[in-house]
Amino acid sequence: MTLALQGGGSLGAFSWGVLDRLLDEPAIRIGAVGGASAGAMNAAMLVQGLATGGPGEAKRLLEAFWRRVANASGSPDVAGAGVLLPFAGMLSPVADALRQAARGLSRDQVNPLGLNPLRGVLDGLLDPSVFGTERAPTLVVSATRVRTGEARLFRDGEVTDDALLASACLPQLFPAVEIDGEQYWDGGYSANPPLRALIEAGAPADMVLVRTTPEDRPDPPVGASGIAERVDEMAFGAALRQELRSLALAKRFLADLPTSAVGTLARLRDARMHAIGAEEAFRALKSGSHRDASWSFLTEMRDLGRGAADRWLEADLASVGVRSTMDLSGYTGSTLDPIVAAPPLVVS
């Protein structure tokens with residue numbers, strides 16, 4: 001099985017819960033994991049744990065990562081603690097920076113020293129030396145080249161702490177991460193998460209997409225902050241929609257490919273897509289939830305993820321290896337009637 005983990009800030013704790021539940025299922029064998037932003041962090045902890053100690057160690061590392069995120073945010077939240085508020089920037093650098101960015105302040109105002117607290121979260125927890133080893137599932141994380149806006153996919157031994165920080169680099173908060181002379185921003189802008197590249201590279205044919213945002217929002221946003229949040233959500237969702245559209249069209253056009261065919265085209269045709277999400281619960285979350293790194297909220301998201309994985313296992317596990325359970329037909333996009341060329345201009 002291949003896992004594809006979407007980003008989403010604190011909503012990435014939903015994926016933690018999904019993974020925590022899937023790791024309890026003996027029938028599931030994870031061969032490859034791809035992720036962007038928070039999904040990249042989850043992916044790295046999952047692969048490292050599986051490589052070094054199996055499912056139990058993967059579960060431990062995932063919890064340790066999210067506990068550190070909560071600690072770095074000053075959980076419990078000190079924003080309403082009155083006298084402690086002047087020290088919020090010291091006690092909770094992540095949460096305080098996110099709140100100030102939400103108020104429209106520039107990155108230099110929010111983070112004048114250019115510090116990235118996520119580096120401290122990973123310090124002593126991440127061991128990149130295990131990626132690409134015999135017992136490790138394939139690991140792919142995405143970042144976005146600032147220069148071109150294109151995705152850069154880091155695979156196995158290329159996944160370092162810098163690669164993960166690049167994948168989760170929100171430019172409103174942190175300076176771009178430089179790797180080999182190239183600057184990178186959050187992978188959610190360009191591959192959130194990488195799908196087609198994993199399939200083309202030969203990842204296991206059953207791919208489970210773990211979503212951390214709703215597919216649509218019927219109600220329009222209200223107020224400046226609601227509009228800004230929806231704009232960000234649309235920007236990060238565009239890459240996923242484009243990947244799903246690409247897969248949907250590829251599968252449609254390759255349906256008649258001979259069964260004997262092998263290689264990239266055959267892998268695209270034969271890919272079986274599945275998805276785990278919580279559409280109604282995501283829609284019901286209050287504005288700014290993706291910035292809530294308190295331990296109580298993170299564990300709420302974890303439990304939501306475990307419940308969603310439970311329902312998916314009950315409904316769809318038997319279809320793994322047999323057929324897709326995710327309908328891609330809605331992603332083929334808008335179409336136009338055939339354009340009739342105008343007759344040539346004849347000059348008499």
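Trainee: What percentage of the 348 residues of the chain count as buried?

Mentor: This is a predicted model, in which local features need pLDDT of at least 70, side-chain atom pairs count only at pLDDT 80 or more, and totals for chains, interfaces and linings use all residues. Residues are numbered from 1 along each chain as its sequence is written, and side-chain values use heavy atoms, with hydrogens and water left out. Buried means under 20% relative accessible area, exposed over 50%, and partly exposed in between (1.4 Å probe, protein chains only). By that rule the buried share of the 348 residues is 48%.

Trainee: How many helices and strands does the chain have?

Mentor: Helices (H or I, at least four residues) and strands (E, at least two) are DSSP runs, numbered from the N terminus. The chain has eight strands, and its helices number 13.

Trainee: How many of the 16 residues of α2 are buried?

Mentor: Helix α2 (residues 38–53) reaches 22 Å from its first C-alpha to its last, close to the expected 22 Å. Just after α2, Gly-54 has a positive phi of about 85°. The helix is mostly covered, and its buried residues number 14.

Trainee: Which residues form the covered face of strand β4?

Mentor: In a regular strand the side chains alternate between the two faces of the sheet. In β4 (residues 151–155), Ala-151, Leu-153 and Arg-155 make up the uncovered face. The covered face is Arg-152 and Phe-154.

Trainee: Which residue in β4 is the bridge partner of Val-141?

Mentor: Two strands pair if DSSP finds at least two bridges between them. Strand β3 (residues 138–145) runs antiparallel to β4, and five bridges join them. Their hairpin has five residues between the strands, and there Gly-149 takes a positive phi near 80°. The partner of Val-141 is Phe-154.

Trainee: How many salt bridges does the count come to?

Mentor: A salt bridge is a side-chain nitrogen of Lys or Arg within 4 Å of a carboxyl oxygen of Asp or Glu. One of them joins Arg-211 and Glu-215 at 3.9 Å, N to O. Arg-211 counts as buried because its relative accessibility is 10%, while Glu-215, at 46%, is partly exposed. The count comes to 21.

Trainee: How many residues apart are Asp-24 and Arg-306?

Mentor: The side chains of Asp-24 and Arg-306 meet in a salt bridge of 3.4 Å, N to O. Asp-24 is in the loop between α1 (12–22) and β2 (32–36), and Arg-306 is in helix α13 (residues 295–316), so the pair links distant parts of the chain. Asp-24 counts as partly exposed at 36% relative accessibility, as does Arg-306 at 24%.

Trainee: Which residues are joined with Asp-24 and Arg-306 into one network?

Mentor: Salt bridges that share partners make this network. Besides Asp-24 and Arg-306, its members are Asp-20 and Lys-59.

Trainee: Why does Thr-213 count as buried?

Mentor: Thr-213 lies in the loop between β7 (206–210) and α10 (223–253). Contact means heavy atoms within 4.5 Å, and, leaving aside neighbours within four places in sequence, Thr-213 is in contact with Gln-6, Glu-233 and Phe-282. Its side chain also has a polar contact of 3.4 Å with that of Gln-6 (a pair of N or O atoms within 3.5 Å; within protein, one must be able to donate a hydrogen and the other to accept it, and residues adjacent in sequence count only if both atoms are side-chain atoms). Thr-213 counts as buried because its relative accessible area is 17%.

Trainee: Is Asp-256 buried or exposed?

Mentor: Asp-256 is in the loop between α10 and α11 (264–270). Asp-256 and Arg-269 are 13 residues apart in sequence, with their C-alpha atoms 9.2 Å apart in space. The relative accessibility of Asp-256 is 76%, so this residue counts as exposed.

Definitions and conventions
Expected span 1.5 Å × (residues − 1).
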